[in-house]
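Subject: Structure handover

Hello,

Please find the structure below, with the sequence. My notes on it come after.

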Amino acid sequence: MKFFEKLMSIDRRVIFLFVGVALIVPLFLDIEQTIEITPEVQTLYDAFMELPPGSKVLMAFDYDPPSAPELQPQAITGLRLCFDRNLKVIIIGLWPMGPMQANLALETVFSEENYFDKEPIYGVDYVNLGYSPGNELVIQRMGSSIPATFPRDFRGTSIEEIPLMRGIVNFSNFDYVFNLSAGYPGTVEWVQFAVDRFHARMGAANTAVQAPLVYPYIGTGQLTGLSGGMKGAAEFEKLTGFIGKGTKFMLSQSFAHMIVVFFIIIGNLAYFVTRGREEKKTG
Amino acid sequence: MDSVFSHTIAAILTIGIISFLYKDNPLYKFCESLFIGVSAGYWFVQQYYANLLPKLFDNLGITKLVGAENAPEGALQALFLEGRLDDNLLYLIAGVLGVMMLLRLSPKIGWIARWPLAFTVGSSAGLYFITYFQSNAMSQLEHTILPLNSFNNLVLIVGTVTGIIYFYFSKEHKGVFGGAAKVGIYFLMITFGASFGYTVMSRMSLLIGRIDFLFGTWLGLVK
Amino acid sequence: MRRQVPLLLTAIVGFVYIIQFFVPHKPFNIIEHLFTDWILIIAACAIWLGVLNLLKLSSEKVYKRAKDWPYALVIICGFFMITVAGFFFSGGRAFQESGTAFDYIYVNIFTPLSATMFALLAFFVASASYRAFRARTFEATLLLLAGFFVMLGRVPVGDLMTSWLPQGYRLSDLAGWIMMVPNMAGQRAIMIGIALGIMSTSLRVILGIERTITGGE
Amino acid sequence: MKAFSYSFTFYCLLGLILLATTDGLAQVESSDSLLSPLLPPSEVIAEDHPGDAGAAIIVRWKLSPDEDRGVTGYEIVRSTSPTGEFSSIGFAAAGSNRYVDANTEDSLTYYYKVLAIDVDKNVSESELSPPARSSPQWFNFHLLNLLIIGGLICGAVIYFIAHAKKGKKLFLRKIAGLEAVDEAIGRATEMGRPILFIPGILDMDDVQTIAAITILGRVAKTIAQYDTKLNVPTSRSIVMSTAMETVKEAYISAGRADAYSDDFVHYVTDEQFGYVAAVNGIMVRERPATCFYIGAFFAESLIMAETGNAIGAIQIAGTAMPAQLPFFVAACDYTLIGEELFAASAYLSGEPKQLGSLKGQDVGKIIAMSAIVIGALLETFFAISGSSFFGSLAELVHKLFSIVAS
């Protein structure tokens, strides 16, 4: 019984230690996880696979470093899948830090051993158009003219000098839109403007917090697919076969989550045991 | 080499902040002080380049006046060179208000700092009055007007109405009214529990990012 | 002058703001944009007050060799390091572009510090839920259950545990229902209350009834 | 010629039937658009965009009858003369029947045409719109309902303020967090430890900060009566300056000007997490007996509240940030929830005028609750009976609270 009393007033540093261990250890483990593929990630993957080589994919990076653990692995997987299938990638961002995250993701993709048919070339196979302020209005402007919305790329080169951008006027020139979103502006706005108004085909990767808000769009077909949080990242990696950090991170996150649940359970257990004893004393 | 050096700095700072969890210590104190100094400086520089320079100095033409290259023509040039009253001349008032704010440093006429303060407080009172009324009160209300033909709608309406009753100030929470307020508290508690539980997972991912930096980017142990 | 002018100014500015919402005609149409800019300019000037206060207190500490004075010195050094870098060694307006001295400090010092401070939440969220999620009273039990089900419903384990139930009745569905129905109801009550509170507070300030800030007692 | 078109249509129909009975649905569409010319949108109307500052004309049209057969969108063109050159001003997506031209000059008259465009880039032009001119208005009638309801609430607040001035006694329910303020200050005095007051992390241009500083003023007045140290770190310069002034006034009005020091209030940094790092440091080093977190908070709420909990301080929080309320409720002893934060300064002041405004707020709540209940009942009757009478009444209630501008 002493044990439970001690549990009641446990030093919070013990909890901290458990959380830390739960997060760190899985990163070093090579546990084979059974990752069940949910239908919305499957359809996202299928949408990429259906695109014929040479198709143009618009990738919108709408997140910043705090959300990177969840979204960066998905960005990397998405880019890798595009290059592997010879799809052309056009990157933009509605969040100021988005295009920088895109550059980091590109760096990761190129730094690892790849088996692409040919090394992707900037300006021909992919381009980063940078950030444009204005939230959803940017999407609306893109609907009438992309060159007017993004006159220059991330490096300051005029869009007219970029071979990949030749002939791109509005959403009808993109075969697919892939949005990585951590909040506003993000997938909700992309669906409302790019999909509903300009009939783009679109899939999305969202943080776990954000995902439930966009789930309804899958049912209606406004989104062709959705990958949510670490779990989505892990599934996406499993489907593409490029096992990256998403899978590892997801294990860490589940462990830490279970630790919290575990502590809540023993906290209540200890509470009921010690309370029962007190009642006996008084009664 | 350079990236090893900068990663090492970042890693030490990361560890320093985490060490606070164990207890207060010199490394944390160092990190904390460095953070205060650097971030205060960061916003100091930001405020100058993001607000003072483009909004005040450029609009008025002071940047041009002091001989900066490629500076745009401002309201002062328009007034004195062309004899034209530019709309941007209104920014002069903002400049005066800004200076009044700084006069707070003077013990004699420090009271004048209340003027720009009154301006700020007045405009935020007006702005918030409108925006909260419009998007918090009205739109939430409209979305709660639903037919009582499903269990969910019933729960939603009962929860919202009893929740509002909980906040009612000028009537004692007794009897039926008190009972309704009690139900309101129950709804608030479910709300708090749910949004708490909802964020736990995303908070974990923040830490994963830092751990990945330490063991992956810095030490190269996690591939 | 000292007491009346600020009160009058608050009232006028507050009313003008409310009027501009309903009146789209000149000159009201430019007021929101203009006033927002003015406030930003006032705040940008005011940051001098704060910074001078910080430097004054820190240097007093160093000068008097007060307890922990070396850390006060770190504050001062940190401040001057980034401001000198930002104003003189980072190419003026382009100070934030990657590769500048300002950006180097931002990326390697500012970012890890703020990201780690933010990440501490992972630990605190765990210790807070250990203490708070206990079935002490009926209200606390509701808090616990709602939190517990939502937490479990958001990880695969939750659905695995309830896989024997028909689809649509599993833990993730329960979590979704809690979020969409009772949680939404509570949120709406809170939001409507806040809106009324803000309207009333704003009105008190504009009418000069609440004058703690603008006009003293 | 006529015979040709008749036979053409006949063959088209025959082809259609043949195709439809096989499996080529997609082919139907393309052959269809190939054969009959694309029909243009019709009834193009252009008029001044209402309730604005001018410089905008709204163009409306009836969709092309070919909308379902491959129309990808509409191009809007305009000219300042009916016979002049028309230039493109923008696109609207398929299915939309309006476009706002927000780039007009009030002194000019404009003529519009709408062009339907299909998958194969076929273009078909509408008739000319009647002339239109933009102009500014003095009132935005889309917001009339807001004016009425807002006016009602304001009127109630002002009425009860005036009412309270006459000395009418008002009942107000207790707020636990406020009842605890005196006790918390007393405890700090007994223990000889300081009191920490965090006024949120937003600037003076947030109403929560205004409420926070007002509460600080009231709390400081009580603290001034004891010899307890007050510590107010701020994350904004204007907040620092205002808080200094307010605390000073409070000490003066409590007759303790001698006990006041400018060091009570100090600036730390504008950076959210830098500020938290400093506050955490202050907490573990100075070990305040009481911590107030009143104002606008974000993610830092839990970091501070958990640290405060670890040092065993009494914690009183208050915020109108819905996302942070759960954390304060979980980690603090008392929490002022949303509206209670704004009521707190009135409660603490004890002035009848201020308290009267709370009664006015309650009238707002009655309006809100009755709108929900009446609206829901009307909706329910409509759903059950299908009577258009209830339907239109329910729609009226919705319209009354609708904020959808044009």
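The notes below start with conventions and then go through the chains and their contacts.

This is a predicted model, in which local features need pLDDT of at least 70 and side-chain atom pairs count only at pLDDT 80 or more, while totals for chains, interfaces and linings use all residues. Residues are numbered from 1 along each chain as its sequence is written, and chains are lettered from A and ligands numbered from 1 in the order in which they are written.

Chain A

Chain A is divided into domain 1 (2–27 + 255–282) and domain 2 (34–243); such bounds come from an automatic or database domain assignment. The C-alpha centres of these two domains of chain A lie 42 Å apart.

Chain A has an open sheet of six strands in the order β3-β2-β1-β4-β5-β6, with parallel pairing. (Helices, H or I of at least four residues, and strands, E of at least two, are DSSP runs numbered from the N terminus; two strands pair if DSSP finds at least two bridges between them.) β3 (126–131) and β6 (225–228) of chain A each have a single partner strand, so one side of each is left without a neighbour in the sheet. On average, neighbouring strands of this sheet are turned by 15° against each other, direction ignored. Within the sheet, five bridges join β4(A) to β5(A) (residues 202–206), and the two run parallel. Leu180(A) stands opposite Ala205(A) in β5(A).

(Angles run from 0 to 180 degrees between N-to-C directions, and axes are lines fitted to C-alpha atoms, for helices over the stretch in contact; residues are in contact if their C-beta atoms, placed from the backbone, lie within 7 Å.)

- α8(A) touches β1 (56–62), β4 and β5 of chain A, and its direction makes about 170° with that of β5(A).
- α11 (residues 229–240) of chain A touches β5 and β6 of chain A, and its direction makes about 120° with that of β6(A).

The loop between β4 (176–181) and α8 (187–195) of chain A holds Pro185(A). A cis peptide bond joins Tyr184(A) to Pro185(A), with omega about -10°.

Chains B and C

Between chains B and C, 94 residues of chain B are in contact with 100 residues of chain C. On the chain B side, α1 (2–18), α2 (26–60), α5 (91–102), α6 (114–144), α7 (151–167) and α8 (175–218) each supply at least two residues. That side divides into 62 nonpolar, 26 polar and six charged residues. (Ala, Val, Leu, Ile, Met, Phe, Trp, Tyr, Cys and Pro count as nonpolar, Asp, Glu, Lys and Arg as charged, and the others, Gly among them, as polar.)

Chain B also meets chain A: 17 residues of chain B are in contact with 20 residues of chain A. The chain B side here has 12 nonpolar, four polar and one charged residues.

In chain C, a cis peptide bond joins Lys26(C) and Pro27(C), with omega about -5°. Pro27(C) is in the loop between α1 (4–22) and α2 (31–63) of chain C.

Chain D

Three strands of chain D form an open sheet in the order β1-β2-β5, with antiparallel pairing. Its edge strands are β1 (42–48) and β5 (98–101) of chain D, each pairing on one side only. The twist averages 15° from one strand to the next. Four bridges join β2(D) (residues 57–62) to β5(D), and Val59(D) has Tyr99(D) as its bridge partner.

Ala55(D) lies in the loop between β1 and β2 of chain D. Its phi is near 60°, a positive value in a residue other than glycine. Ala55(D) counts as partly exposed because it has 16 C-beta neighbours inside 10 Å. (With C-beta atoms placed from the backbone, 20 or more others within 10 Å make a residue buried, 12 or fewer exposed, and a count in between partly exposed.)

Asn140(D) is in the loop between β7 (123–125) and α3 (144–165) of chain D. With 20 other C-beta atoms within 10 Å, Asn140(D) is buried. Not counting residues up to four places away in sequence, Asn140(D) touches Phe22(C), Pro24(C) and Gly51(D). The C-alpha atoms of Asn140(D) and Gly51(D) are separated by 4.0 Å, although the two are 89 residues apart along the chain.

Regards

Note on methods. Contact = placed C-beta atoms within 7 Å.
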